[in-house]
Amino acid sequence: MVTILDRTAAPEPKRVRHPEKAHRPDTEVMRKPEWIRVKAPTSKGYAETREIVRTNKLVTVCEEAGCPNIGGCWEQKHATFMIMGEICTRACAFCNVATGRPNALDPDEPQNVANAVKQMGLNHVVITSVDRDDLDDGGAEHFEKVIFAIRAASPGTTIEILTPDFLRKPGALERVVAARPDVFNHNLETVPSNYLTVRPGARYFHSIRLLQRVKELDPTMFTKSGIMVGLGEERNEVLQLMDDLRTADVDFLTIGQYLQPTRKHHKVVSFVTPDEFKSYETVAYTKGFLMVASSPLTRSSHHAGEDFARLKAARAAKQALAG
Ligand code: SF4
């Protein structure tokens, strides 16, 4: 008897999202406190944003990182586009973005992002990316193309970029700054003592220097950085990090609660209370940041449009005071 197997309908083998974490023991999951409550993504605006993202074949960090604010943000058509694919070459212990060997860059992506920005009528857009250590320029040219395409399609839209660290990619940062985004954001993510376990592929002082270099290259550009708390950091370390960012003349600091994407990710060491977030905010303002967003659900792209308007107003007020 001959058996003919029909393989045409066989499902694709499921890709392991974080191969480097698969062998790790499960971490303990802490119960979320009552102040971490998020809106379920069910609104009409959410569905419309989802449709625009799908039609233009785009990837968002909102979905890939499992952001808790997606219901509220997408309802208001605030999405953060993640360019250069959905596979990251780093393997940070906190991040839910898939890791592995990325695909080739999509040459249509800059125009697709620009089309989506126009369709959504965005006044302000945030563009981020996966780390692309495999590319000679770390993806700097692609960032530049995306910025130029958005400018051409929607000249009134302000552009915020949230970049990787371009470690060992000479000339990459300069190229991206020369494309003149309105806000340059690069997240430190955590305090230096956590880097080996939380952000092992990165170097704390390289990230500080990158932010400082942006200001040297273009003193008018707004700079921004963010961290997660609840990863075992000490309060004094957070205060030192604020000083380091001010040394680099960073304008805007965001601080939010780390939430664990899966049991294979870094555990939540503590849930920082709303009062502690408020205290960080107060201290950060005294250290000279133009703007600070500090709350359990703060994410670096949350309310980015409104925050950009406040950031500009804060700089104008400071300049007026200085005479
Ligand atoms: S906070 Fe940022 S990443 Fe999260 S849903 Fe809103 S725009 Fe997306």
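This is a predicted model: local features need pLDDT of at least 70, side-chain atom pairs count only at pLDDT 80 or more; totals for chains, interfaces and linings use all residues.
Residues are numbered from 1 along each chain as its sequence is written. Local features require pLDDT of at least 70 and side-chain atom pairs pLDDT 80 or more, while totals for chains, interfaces and linings use all residues.

The protein chain holds 11 helices and 9 strands, taken as DSSP runs numbered from the N terminus (helices H or I, at least four residues; strands E, at least two). Of its 323 residues, 41% are buried, that is, 20 or more other C-beta atoms, placed from the backbone, lie within 10 Å of their own; exposed means 12 or fewer, and partly exposed in between.

The residues around the ligand (C-beta atom, placed from the backbone, within 6 Å) are V61, C62, C67, N69, I70, C73, H78, A79, T80, R299, S301 and H302. Helix 2 (61–64) and helix 3 (70–75) each give at least two residues to this shell.

Helix 9 (residues 235–247) has 13 residues and spans 19 Å from first to last C-alpha, close to the 18 Å expected at 1.5 Å a residue, where the expected span is 1.5 Å times one less than the number of residues. Its buried residues fall within an arc of 105° seen down the axis, so they line one face; the arc is that of directions from the helix axis to the C-beta atoms.

| Helix 9 item | Residues |
|---|---|
| Buried | L241, M242, L245 |
| Exposed, on the face turned away from the buried side | N236, D243, T247 |

Just after helix 9, D249 takes a positive phi of about 60°.
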